[in-house]
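Please keep the sequence and the model at hand while reading.

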Amino acid sequence: GLLLFSLHGIFSYYKISKLRNTQVSPLPQAWKAKVRMLAAKAGVRTRIPVLLSKRVSIPVVIGFLRPLILLPLAIMTTLTPEQVEAILLHELRHIRNKDHYVNIIQNLLEILFFYHPLTWIISRNLRDERENRIDDWVVGRTGTPLIYAQALFSLENKRSTTLQPVLAATQSKNLLLTRIKRIMTMKTRSFKPGRNLAALAVILAATLSLAWFDPTTSINNYAFQDY
């Protein structure tokens, strides 16, 4: 079992690492200054490359010592600029919190203690709480829970089931619904009562979509985020 899980982890990391240089293109020039501004807002002091990729359907962070963010090639046309900025803040904050280091340690522990059921229960809860912490920060920083929830929902609808295992903005359809409900109930000064109907529509759409999606097609937990 240890050998099989180790081989699976190595193979997954190899396939993810190939995304760095395969079918990628630079961001439009107008977005480069925005990325620097968002990085400063997220507390990231080093330069984090952001590239457009044909191989991913949702934003992901890959790499360990040199993390970079990959955005789907179509994201600039399918999401509004405000939604793209919220998603970038999400990914940049993961990097600021050193979640890519935590994640790889977590993956190694999953391999070493694969035989113990509590390993998987604790590991899943850690990943859920890590996303909740980032969601709290993004909503608190932007004050736009509706825009952020709509962005997550839109990305999930476009997520490919063939995406290689990485820790990304949306990790599973069931978790996404919980996150959207949680985001929409956060209290922020800019979330006006008049938007309650729109918020309810987002939650309802996410709930109905789960009836059509296969809940088993979630991103593999062997995620080597550096995400």
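In helix 5, the residues Asp99, Val102, Asn103, Gln106, Asn107, Leu109 and Glu110 meet Thr119, Trp120, Ser123, Leu126, Arg127, Arg130, Arg133 and Ile134 in helix 6, where contact means heavy atoms within 4.5 Å. The helices (H or I, at least four residues) are DSSP runs numbered from the N terminus. This is a predicted model, in which local features need pLDDT of at least 70 and side-chain atom pairs count only at pLDDT 80 or more, while totals for chains, interfaces and linings use all residues. Residues are numbered from 1 along each chain as its sequence is written, and side-chain values use heavy atoms, with hydrogens and water left out.

Two packed helices are described by the angle between their axes and the distance between the axes. Axes are lines fitted to C-alpha atoms, for helices over the stretch in contact, and angles run from 0 to 180 degrees between N-to-C directions.

| Helix pair | Angle | Axis distance |
|---|---|---|
| Helix 5 and helix 6 | about 170 degrees | 10 Å |
| Helix 4 and helix 6 | about 130 degrees | 10 Å |
| Helix 2 and helix 4 | roughly 50 degrees | within 9 Å |

Helix 5 and helix 6 are therefore roughly antiparallel, a word used for angles over 145 degrees, with those under 35 roughly parallel, 65 to 115 roughly perpendicular and the rest oblique. Arg133 and Asp99 also join their side chains in a salt bridge of 2.9 Å, N to O, the term for a side-chain nitrogen of Lys or Arg within 4 Å of a carboxyl oxygen of Asp or Glu. Because Arg133 lies in helix 6 and Asp99 in helix 5, this pair ties together parts that are 34 residues apart in sequence. The count by this rule comes to 6 salt bridges.

Helix 4 (residues 81-96) and helix 6 (residues 117-142) pack at about 130 degrees, which makes helix 4 oblique to helix 6. On the side of helix 4, the contact is made by Ala86, Leu89, His90, Arg93 and His94, and the residues from helix 6 include Arg130, Glu131 and Trp137.

Helix 2 (residues 29-42) crosses helix 4 at roughly 50 degrees, and the two are therefore oblique to each other. Their contact involves residues including Trp31, Val35 and Leu38 of helix 2 and Val84, Leu88 and Leu92 of helix 4.
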